[in-house]
Amino acid sequence: MATLKEIQQRLKSVQNIEKITKSMKMIASTKVNKAQRGMEAARVFGQASNSLFANAETKAADDGKVLFVASSSDRGLCGGIHSSVSKATRKAVAEHPTSDVVVLGDKPKAQLSRVVRKQIAITFNQIGKDVPTFQEAASIVDIIKSSELEFDTANIVYNKFHSVVSYEAQTIPVYSEATFKASPNFAVYEIEDDVLANLQEFSFANGLYWAMAEGHAAEMCAKRAAMENATKNAGEMIQKLTMTFNRGRQAVITNELIDIITGASAL
(Lines give C-alpha, C1' and ligand atoms only; values in the text may rest on other atoms or scores of the structure.)
Protein backbone atom coordinates (compact mmCIF):
# COMPACT_ATOMS: atom_id res chain seq x y z
CA MET A 1 0.00 0.00 0.00
CA ALA A 2 1.26 3.51 -0.83
CA THR A 3 2.49 5.67 2.02
CA LEU A 4 0.83 8.95 2.94
CA LYS A 5 3.74 10.88 1.43
CA GLU A 6 3.40 9.06 -1.89
CA ILE A 7 -0.36 9.68 -1.95
CA GLN A 8 0.21 13.35 -1.15
CA GLN A 9 2.74 13.68 -3.99
CA ARG A 10 0.36 11.98 -6.42
CA LEU A 11 -2.47 14.24 -5.28
CA LYS A 12 -0.37 17.35 -5.88
CA SER A 13 0.64 16.06 -9.33
CA VAL A 14 -2.97 15.44 -10.38
CA GLN A 15 -4.00 18.88 -9.08
CA ASN A 16 -1.33 20.47 -11.29
CA ILE A 17 -2.57 18.46 -14.28
CA GLU A 18 -6.11 19.66 -13.59
CA LYS A 19 -4.93 23.28 -13.65
CA ILE A 20 -3.19 22.72 -16.99
CA THR A 21 -6.17 20.98 -18.65
CA LYS A 22 -8.55 23.63 -17.34
CA SER A 23 -6.36 26.38 -18.82
CA MET A 24 -6.11 24.54 -22.15
CA LYS A 25 -9.90 24.17 -22.22
CA MET A 26 -10.33 27.91 -21.69
CA ILE A 27 -7.83 28.68 -24.47
CA ALA A 28 -9.55 26.28 -26.88
CA SER A 29 -12.94 27.82 -26.01
CA THR A 30 -11.71 31.28 -26.97
CA LYS A 31 -10.42 29.93 -30.31
CA VAL A 32 -13.61 28.07 -31.27
CA ASN A 33 -15.62 31.16 -32.29
CA LYS A 34 -12.71 32.55 -34.30
CA ALA A 35 -12.23 29.19 -36.04
CA GLN A 36 -15.94 28.96 -36.89
CA ARG A 37 -15.93 32.44 -38.42
CA GLY A 38 -12.93 31.49 -40.55
CA MET A 39 -14.67 28.27 -41.58
CA GLU A 40 -17.81 30.12 -42.72
CA ALA A 41 -15.70 32.43 -44.89
CA ALA A 42 -13.77 29.50 -46.38
CA ARG A 43 -16.97 27.61 -47.25
CA VAL A 44 -17.93 30.39 -49.65
CA PHE A 45 -14.66 29.91 -51.56
CA GLY A 46 -14.91 26.13 -51.65
CA GLN A 47 -18.57 25.94 -52.61
CA ALA A 48 -17.96 28.39 -55.48
CA SER A 49 -15.34 26.05 -56.95
CA ASN A 50 -17.56 23.01 -56.42
CA SER A 51 -20.44 24.68 -58.23
CA LEU A 52 -18.12 25.37 -61.19
CA PHE A 53 -17.28 21.68 -61.56
CA ALA A 54 -20.88 20.65 -60.89
CA ASN A 55 -22.31 22.93 -63.59
CA ALA A 56 -19.69 21.74 -66.07
CA GLU A 57 -20.53 18.11 -65.11
CA THR A 58 -16.86 17.38 -64.59
CA LYS A 59 -16.02 13.74 -63.93
CA ALA A 60 -12.69 11.98 -63.95
CA ALA A 61 -12.13 8.83 -65.97
CA ASP A 62 -12.26 5.54 -64.08
CA ASP A 63 -8.63 4.82 -64.94
CA GLY A 64 -7.48 8.38 -64.22
CA LYS A 65 -4.59 9.12 -61.88
CA VAL A 66 -5.67 10.16 -58.38
CA LEU A 67 -3.83 12.35 -55.87
CA PHE A 68 -4.86 12.34 -52.20
CA VAL A 69 -4.25 15.32 -49.93
CA ALA A 70 -4.64 14.46 -46.21
CA SER A 71 -5.39 17.74 -44.43
CA SER A 72 -4.85 17.88 -40.67
CA SER A 73 -2.35 19.56 -38.31
CA ASP A 74 0.72 19.14 -36.10
CA ARG A 75 -0.89 19.36 -32.67
CA GLY A 76 -2.26 16.62 -30.43
CA LEU A 77 -4.52 16.46 -27.37
CA CYS A 78 -7.62 16.76 -29.56
CA GLY A 79 -9.25 13.35 -29.54
CA GLY A 80 -9.48 11.35 -32.76
CA ILE A 81 -9.17 14.28 -35.18
CA HIS A 82 -5.98 13.05 -36.85
CA SER A 83 -6.98 9.37 -36.78
CA SER A 84 -10.20 10.22 -38.61
CA VAL A 85 -8.31 11.75 -41.56
CA SER A 86 -5.67 9.00 -41.54
CA LYS A 87 -8.23 6.18 -41.60
CA ALA A 88 -10.18 7.78 -44.45
CA THR A 89 -6.96 8.33 -46.41
CA ARG A 90 -5.76 4.75 -45.88
CA LYS A 91 -9.11 3.43 -47.04
CA ALA A 92 -9.06 5.62 -50.16
CA VAL A 93 -5.44 4.73 -51.00
CA ALA A 94 -6.28 1.03 -50.70
CA GLU A 95 -8.74 1.50 -53.58
CA HIS A 96 -6.06 3.30 -55.67
CA PRO A 97 -2.72 1.61 -54.82
CA THR A 98 -0.75 3.61 -57.42
CA SER A 99 -1.89 7.02 -56.22
CA ASP A 100 0.36 9.61 -54.56
CA VAL A 101 -0.32 11.16 -51.17
CA VAL A 102 0.36 14.68 -49.91
CA VAL A 103 0.17 15.09 -46.13
CA LEU A 104 -0.49 18.32 -44.23
CA GLY A 105 0.60 18.02 -40.60
CA ASP A 106 3.05 15.94 -38.58
CA LYS A 107 0.37 13.91 -36.80
CA PRO A 108 -1.22 12.34 -39.91
CA LYS A 109 2.26 11.94 -41.40
CA ALA A 110 3.32 9.73 -38.48
CA GLN A 111 0.14 7.64 -38.77
CA LEU A 112 0.16 7.27 -42.55
CA SER A 113 3.88 6.49 -42.71
CA ARG A 114 3.20 3.14 -41.06
CA VAL A 115 0.99 1.95 -43.94
CA VAL A 116 1.46 4.08 -47.09
CA ARG A 117 5.03 5.32 -46.68
CA LYS A 118 5.93 4.61 -50.33
CA GLN A 119 2.99 6.64 -51.66
CA ILE A 120 3.76 9.78 -49.62
CA ALA A 121 5.22 12.29 -52.08
CA ILE A 122 5.23 15.59 -50.13
CA THR A 123 4.66 16.49 -46.49
CA PHE A 124 4.05 19.86 -44.83
CA ASN A 125 4.35 20.86 -41.18
CA GLN A 126 3.74 23.98 -39.09
CA ILE A 127 0.04 23.48 -39.89
CA GLY A 128 -2.81 24.41 -37.53
CA LYS A 129 -1.11 26.99 -35.31
CA ASP A 130 -3.77 29.57 -36.13
CA VAL A 131 -6.84 29.94 -38.33
CA PRO A 132 -5.79 28.91 -41.88
CA THR A 133 -5.59 31.60 -44.54
CA PHE A 134 -5.99 31.50 -48.30
CA GLN A 135 -2.34 32.53 -48.65
CA GLU A 136 -1.25 29.35 -46.83
CA ALA A 137 -3.42 27.19 -49.06
CA ALA A 138 -2.14 28.94 -52.19
CA SER A 139 1.48 28.42 -51.09
CA ILE A 140 0.88 24.71 -50.55
CA VAL A 141 -0.74 24.40 -53.97
CA ASP A 142 2.23 26.21 -55.56
CA ILE A 143 4.62 23.64 -54.08
CA ILE A 144 2.42 20.74 -55.20
CA LYS A 145 2.26 22.17 -58.74
CA SER A 146 6.00 22.83 -58.87
CA SER A 147 6.73 19.24 -57.79
CA GLU A 148 5.10 18.11 -61.05
CA LEU A 149 2.83 15.53 -59.44
CA GLU A 150 0.52 14.30 -62.17
CA PHE A 151 -3.15 13.73 -61.40
CA ASP A 152 -6.55 13.79 -63.05
CA THR A 153 -8.37 14.16 -59.74
CA ALA A 154 -7.06 15.44 -56.42
CA ASN A 155 -9.17 14.30 -53.46
CA ILE A 156 -8.67 16.47 -50.38
CA VAL A 157 -9.42 14.41 -47.25
CA TYR A 158 -10.46 16.54 -44.28
CA ASN A 159 -12.70 16.62 -41.19
CA LYS A 160 -16.03 18.22 -42.03
CA PHE A 161 -17.43 20.26 -39.15
CA HIS A 162 -21.01 19.29 -38.24
CA SER A 163 -21.34 20.69 -34.72
CA VAL A 164 -19.21 21.40 -31.67
CA VAL A 165 -19.37 17.70 -30.78
CA SER A 166 -19.52 16.10 -34.23
CA TYR A 167 -17.23 15.86 -37.26
CA GLU A 168 -16.73 13.42 -40.11
CA ALA A 169 -13.96 12.68 -42.59
CA GLN A 170 -14.98 13.65 -46.13
CA THR A 171 -13.32 14.51 -49.45
CA ILE A 172 -13.35 17.55 -51.73
CA PRO A 173 -12.58 16.70 -55.37
CA VAL A 174 -10.40 19.00 -57.48
CA TYR A 175 -9.80 18.28 -61.16
CA SER A 176 -6.85 18.86 -63.46
CA GLU A 177 -6.94 21.17 -66.48
CA ALA A 178 -7.35 18.29 -68.94
CA THR A 179 -10.17 16.71 -66.94
CA PHE A 180 -12.03 19.99 -66.60
CA LYS A 181 -11.51 20.75 -70.28
CA ALA A 182 -13.07 17.38 -71.17
CA SER A 183 -16.28 18.22 -69.24
CA PRO A 184 -19.52 18.00 -71.27
CA ASN A 185 -20.49 21.62 -70.50
CA PHE A 186 -17.01 23.15 -70.61
CA ALA A 187 -17.76 25.05 -73.83
CA VAL A 188 -20.40 27.12 -72.02
CA TYR A 189 -17.71 28.98 -70.04
CA GLU A 190 -15.59 29.95 -73.09
CA ILE A 191 -12.36 29.84 -71.09
CA GLU A 192 -9.05 30.41 -72.86
CA ASP A 193 -6.13 28.06 -72.24
CA ASP A 194 -3.96 30.55 -70.35
CA VAL A 195 -6.87 31.47 -68.09
CA LEU A 196 -7.74 27.80 -67.57
CA ALA A 197 -4.38 27.07 -65.92
CA ASN A 198 -4.87 29.92 -63.46
CA LEU A 199 -8.48 28.88 -62.81
CA GLN A 200 -7.45 25.30 -62.03
CA GLU A 201 -4.79 26.43 -59.56
CA PHE A 202 -7.23 28.89 -57.97
CA SER A 203 -9.88 26.15 -57.61
CA PHE A 204 -7.32 23.84 -56.02
CA ALA A 205 -6.37 26.55 -53.50
CA ASN A 206 -10.05 27.26 -52.80
CA GLY A 207 -10.77 23.62 -52.04
CA LEU A 208 -7.69 23.25 -49.86
CA TYR A 209 -8.48 26.46 -47.96
CA TRP A 210 -11.99 25.18 -47.28
CA ALA A 211 -10.68 21.81 -46.05
CA MET A 212 -8.06 23.39 -43.78
CA ALA A 213 -10.55 25.83 -42.24
CA GLU A 214 -13.18 23.12 -41.63
CA GLY A 215 -10.54 20.85 -40.09
CA HIS A 216 -9.24 23.63 -37.84
CA ALA A 217 -12.73 24.39 -36.50
CA ALA A 218 -13.37 20.69 -35.84
CA GLU A 219 -9.97 20.40 -34.13
CA MET A 220 -10.60 23.33 -31.77
CA CYS A 221 -13.98 21.91 -30.74
CA ALA A 222 -12.48 18.44 -30.25
CA LYS A 223 -9.64 19.90 -28.19
CA ARG A 224 -12.07 21.75 -25.95
CA ALA A 225 -14.09 18.57 -25.43
CA ALA A 226 -10.94 16.53 -24.75
CA MET A 227 -9.65 19.02 -22.18
CA GLU A 228 -13.07 19.20 -20.54
CA ASN A 229 -13.10 15.41 -20.15
CA ALA A 230 -9.52 15.43 -18.89
CA THR A 231 -10.38 18.08 -16.28
CA LYS A 232 -13.40 16.07 -15.18
CA ASN A 233 -11.34 12.88 -14.86
CA ALA A 234 -8.65 14.72 -12.90
CA GLY A 235 -11.29 16.07 -10.53
CA GLU A 236 -12.65 12.59 -9.90
CA MET A 237 -9.12 11.27 -9.27
CA ILE A 238 -8.44 14.12 -6.84
CA GLN A 239 -11.56 13.20 -4.86
CA LYS A 240 -10.49 9.55 -4.66
CA LEU A 241 -6.92 10.39 -3.68
CA THR A 242 -8.12 12.91 -1.07
CA MET A 243 -10.41 10.29 0.47
CA THR A 244 -7.61 7.70 0.48
CA PHE A 245 -5.21 10.20 2.06
CA ASN A 246 -7.71 11.20 4.76
CA ARG A 247 -8.46 7.58 5.60
CA GLY A 248 -4.77 6.78 5.85
CA ARG A 249 -4.12 9.80 8.07
CA GLN A 250 -7.04 8.88 10.32
CA ALA A 251 -5.67 5.34 10.63
CA VAL A 252 -2.24 6.70 11.63
CA ILE A 253 -3.79 9.01 14.24
CA THR A 254 -5.93 6.17 15.59
CA ASN A 255 -2.89 3.87 15.93
CA GLU A 256 -0.94 6.59 17.73
CA LEU A 257 -3.83 7.16 20.17
CA ILE A 258 -4.04 3.42 20.82
CA ASP A 259 -0.31 3.34 21.57
CA ILE A 260 -0.64 6.30 23.99
CA ILE A 261 -3.65 4.81 25.78
CA THR A 262 -2.00 1.40 25.99
CA GLY A 263 1.17 2.93 27.42
CA ALA A 264 -0.80 4.98 29.95
CA SER A 265 -2.76 1.91 31.05
CA ALA A 266 0.46 -0.03 31.64
CA LEU A 267 1.74 2.54 34.17
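Trainee: Let me start with E57: what is its relative accessible area, and is it buried, exposed or partly exposed?
Mentor: Good place to begin, and keep in mind that this is a predicted model. A residue is buried under 20% relative accessible area and exposed over 50%, with partly exposed in between. The relative accessible area of E57 is 44%, so this residue is partly exposed.

Trainee: What is the phi of E57?
Mentor: Most residues other than glycine have a negative phi. E57 is not glycine, yet its phi is positive, near 55°.

Trainee: And Q126, which loop holds it, and what is its phi?
Mentor: Q126 lies in the loop between strand 3 (120-124) and helix 4 (134-146). Here again a residue other than glycine has a positive phi, and for Q126 the value is near 60°.

Trainee: How do helix 1 and helix 6 run, roughly parallel or roughly antiparallel?
Mentor: Two packed helices are described by the angle between their axes and the distance between the axes. The axes of helix 1 and helix 6 come within 5 Å and cross at roughly 160°. Angles over 145 degrees count as roughly antiparallel. Helix 1 and helix 6 are therefore roughly antiparallel.

Trainee: How do the residues of that contact of helix 1 with helix 6 divide?
Mentor: Helix 1 passes helix 6 in a left-handed crossing. The residues of this contact divide into 28 nonpolar, 18 polar and eleven charged.

Trainee: What about helix 2 and helix 3: roughly parallel or roughly antiparallel?
Mentor: Helix 2 (residues 81-95) passes helix 3 (residues 106-116) in a right-handed crossing. Their axes come within 9 Å and cross at roughly 30°. Angles under 35 degrees count as roughly parallel. Helix 2 and helix 3 are therefore roughly parallel.

Trainee: How many aromatic pairs are there, and how is the pair of Y158 and W210 classed?
Mentor: The count comes to ten aromatic pairs. Y158 and W210 form one of them, at 6.4 Å centre to centre with 45° between the planes. Planes under 30 degrees apart count as stacked and over 60 as edge-to-face, so the pair of Y158 and W210 is tilted.

Trainee: How many residues apart in sequence are the parts that this pair ties together?
Mentor: Y158 and W210 are both buried. Y158 lies in strand 4 (residues 153-163) and W210 in helix 6 (residues 193-266), so the pair ties together parts whose separation in sequence is 52 residues.

Trainee: How is the pair of F180 and F186 classed, and which cluster do these residues join?
Mentor: F180 and F186 are edge-to-face, 5.3 Å centre to centre with 85° between the planes. F180 is buried at 3% relative accessibility, and F186 is buried at 11%. Both belong to one aromatic cluster: F53, Y175, F180, F186 and Y189.

Trainee: What distance separates the centres of the two domains?
Mentor: Domain 1 is 4-21 + 225-262, and domain 2 is 32-223. Taken over C-alpha atoms, the distance between the centres of domain 1 and domain 2 is 48 Å.

Technical notes:
Residues numbered from 1 in each chain as written. Predicted model: local features only at pLDDT ≥ 70, side-chain atom pairs only at ≥ 80, totals over all residues. Heavy atoms only, no water. Phe/Tyr/Trp six-rings, centres within 6.5 Å; stacked < 30°, edge-to-face > 60°. Helix = DSSP H or I, 4+ residues; strand = E, 2+ residues; numbered from the N terminus. Buried < 20%, exposed > 50% of the residue type's maximum accessible area, 1.4 Å probe, protein only. Axes fitted to C-alpha atoms, helices over the stretch in contact; angles between N-to-C directions. Parallel < 35°, antiparallel > 145°, perpendicular 65-115°, else oblique. Left-handed = near helix turned anticlockwise from the far one by under 90°. Nonpolar A, V, L, I, M, F, W, Y, C, P; charged D, E, K, R; others polar. Domains from an automatic or database assignment.
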